[in-house]
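The sequence and structure are shown first.

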Amino acid sequence: IEDERKFVLGFDYFSKLQSRSLDSSARDESIAWILKVQAYYGFQPLTAYLAVNYMDRFLNNRRLPQTNGWPLQLLSVACLSLAAKMEETLVPSLLDLQVEGAKYLFEPKTIRRMELLVLSILDWRLRSVTPFSFLSFFACKLDTTGTLTGFLISHA
Amino acid sequence: MEEIVHLGIPFLTPDQWDVITPAYKDFELIRSEGPRFGDMFKCKLKSTKEVVAMKILTIPEDQKSNGIPYSILNHVSILKTLNHPNILKLHTVLRTDLDVEDVFLVFEYIDVSLKKFLATPFPIDVIKLGKPFLRQALSGLAYLHVQKIIHRNLKPNNILLSFQNHEISKLKLTDFGVAKSIEPPLSPYSINMGNPCYKAPELLLGFTNYSTAVDIWSMGCIFAEMIKLQPLFIGNDGPKILTEIFCLLGTPTEENWPGVASLCSFIQAFDPPIKPKDLAAEFPKLEPDGLDLLSRMLCLCPNSRISAVEALEHPYLRP
């Protein structure tokens with residue numbers, strides 16, 4: 001249980017979002033993009049959830065050089081790529097992942113290095129316990145896709 | 001299948017040396033696990049003189065276009081969640097300059113692998129070590145299985161020991177390179193990893209929906225190896241090992257392994273089935289309780305095989 005602290009955000013994260021240090025509308029945009037790619041490739045909801053979890057934990061620890069624009073897009077791609085590799089059996093290549101109106105296109109090498117940076121900030125803790133672990137436990141037979149996506153958006 | 005162990009200075013690239021030489025010294029290769037899994041070497045932290053073990057994971061050139069491969073993400077993120085006295089502790093993942101894309105893992109250092117120990121003529125009664133060995137190995141395994149992780153590659157090389165007064169003071173399971181976390185959704189699992197000698201029959205028969213029971217089988221083989229001082233099943237490939245298993249334990253039947261014939265039709269060719277041998281005759285030095293536990297760990301049907309938690313409660317292991 002003590003380990004849980006390593007997976008959660010600082011209490012001040014949402015107040016940081018509301019203040020200037022993080023751009024919450026840029027974050028919304030990133031999440032919208034992640035959800036679009038999730039739908040495009042038919043990823044599980046958990047994949048998108050994890051990607052957002054990685055992104056929030058990163059932003060909680062590090063400031064990007066700009067709070068919107070390419071750094072945040074690069075972060076989104078890296079987080080989605082990591083989440084997809086952890087959860088999906090078929091993962092598109094790094095170039096194919098950048099679909100659905102991605103504003104910037106990054107080279108695999110750039111994303112790979114961003115992945116390494118994200119991993120070191122997250123201390124390689126990728127196996128977050130998510131609401132999905134409990135949901136699949138209690139309600140694996142229900143089709144929860146719709147409600148979960150709704151939860152993600154409302155969370156954003 | 002012998003792993004080559006060449007002692008000496010590990011073979012690293014200049015970039016890799018640049019990362020570690022500022023803080024570490026006295027490098028010495030301890031285990032080579034093939035190019036895919038990287039070498040394990042020992043070294044000393046300059047600041048505290050602490051001896052640690054280090055392993056470098058490299059992204060294969062042909063996988064670089066997909067970023068950090070799943071194998072590395074899985075390996076390190078599993079290690080990060082584990083915290084148990086019978087599992088080799090990952091101290092840290094070194095932070096490197098982004099120009100170096102290798103992953104440097106720093107572990108606690110434990111001196112000898114079971115494989116090395118069994119190969120050395122120690123003046124120790126191995127039978128006496130059987131109980132403390134199994135107790136510690138199974139508590140590590142029980143912990144892993146509760147965390148829903150299958151090790152999938154248990155063998156004497158991956159069990160590290162340290163001794164004090166001729167008794168095992170520490171036992172640590174290591175090498176989670178092909179470990180797998182069992183979480184839904186369950187996709188078919190790969191059956192190609194691991195040394196065939198320690199592979200469970202369901203893996204050798206090609207079942208892809210196996211579970212934690214495969215680790216218990218491997219541990220049973222390892223326990224038997226400690227008693228016999230040689231591997232229980234010897235062979236280079238799956239079919240040879242399967243034959244050895246059937247010769248010792250008999251062929252599975254619908255009675256002792258429901259469903260085996262429908263999944264594996266060639267089993268029916270053994271008619272009448274091969275009878276199991278008497279384990280007591282094979283292991284004359286082992287006491288009856290030990291024989292009973294061994295036979296439960298080497299139960300052909302994975303669903304009837306004893307679990308790690310149950311095995312810890314077995315009369316043989318009760319204090």
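## Salt bridges and the chain interface

Asp123(A) and Lys80(B) are joined by a salt bridge whose closest N and O atoms are 2.8 Å apart; the term denotes a side-chain nitrogen of Lys or Arg within 4 Å of a carboxyl oxygen of Asp or Glu. The model is predicted: local features need pLDDT of at least 70, side-chain atom pairs count only at pLDDT 80 or more, and totals for chains, interfaces and linings use all residues. Residues are numbered from 1 along each chain as its sequence is written, chains are lettered from A and ligands numbered from 1 in the order in which they are written, and side-chain values use heavy atoms, with hydrogens and water left out.

Across the interface of chain A and chain B, the rule finds three salt bridges. The area buried between the two chains is about 2,300 Å², and carbon and sulfur atoms give 59% of it; buried area is the accessible area (1.4 Å probe) that two parts lose on being put together, summed over both. Of the area that chain A buries against chain B, 34% is supplied by Arg112(A), Trp124(A) and Arg127(A), more than by any other three residues.

Over all chains, a search of the whole structure finds 14 salt bridges. Within chain B, Lys131(B) forms a salt bridge with Glu287(B), with the closest N and O atoms 3.7 Å apart. Lys131(B) belongs to helix 5 (residues 126-146) of chain B and Glu287(B) to the loop between helix 10 (279-282) and helix 11 (288-297) of chain B, so the pair ties together parts that are 156 residues apart in sequence.

Two packed helices are described by the angle between their axes and the distance between the axes. Helices are DSSP runs (H or I, at least four residues), numbered from the N terminus. Axes are lines fitted to C-alpha atoms, for helices over the stretch in contact, and angles run from 0 to 180 degrees between N-to-C directions.

| Helix pair (chain A) | Axes come within | Crossing angle |
|---|---|---|
| helix 3 (residues 45-61) and helix 4 (residues 70-87) | 8 Å | roughly 135 degrees |
| helix 2 (residues 24-41) and helix 4 | 10 Å | roughly 40 degrees |
| helix 2 and helix 3 | 9 Å | roughly 155 degrees |

The axes of helix 2 and helix 3 of chain A cross at roughly 155 degrees. That makes helix 2 of chain A roughly antiparallel to helix 3 of chain A, a label for angles over 145 degrees. Their crossing is right-handed, meaning that the near helix is turned clockwise from the far one by less than a right angle. Residues in this contact (heavy atoms within 4.5 Å) include Ile34(A) of helix 2 and Met55(A) of helix 3. By class, they divide into eight nonpolar, two polar and two charged; Ala, Val, Leu, Ile, Met, Phe, Trp, Tyr, Cys and Pro count as nonpolar, Asp, Glu, Lys and Arg as charged, and the others, Gly among them, as polar.

Helix 2 of chain A also passes helix 4 of chain A in a right-handed crossing. Among the residues that meet there are Trp33(A) in helix 2 and Val77(A) in helix 4.

The crossing of helix 3 and helix 4 of chain A is right-handed. Their contact has 15 nonpolar, two polar and one charged residues.

Conventions. Helices (H or I, at least four residues) and strands (E, at least two) are DSSP runs, numbered from the N terminus. Angles under 35 degrees count as roughly parallel, over 145 as roughly antiparallel, 65 to 115 as roughly perpendicular and the rest as oblique.
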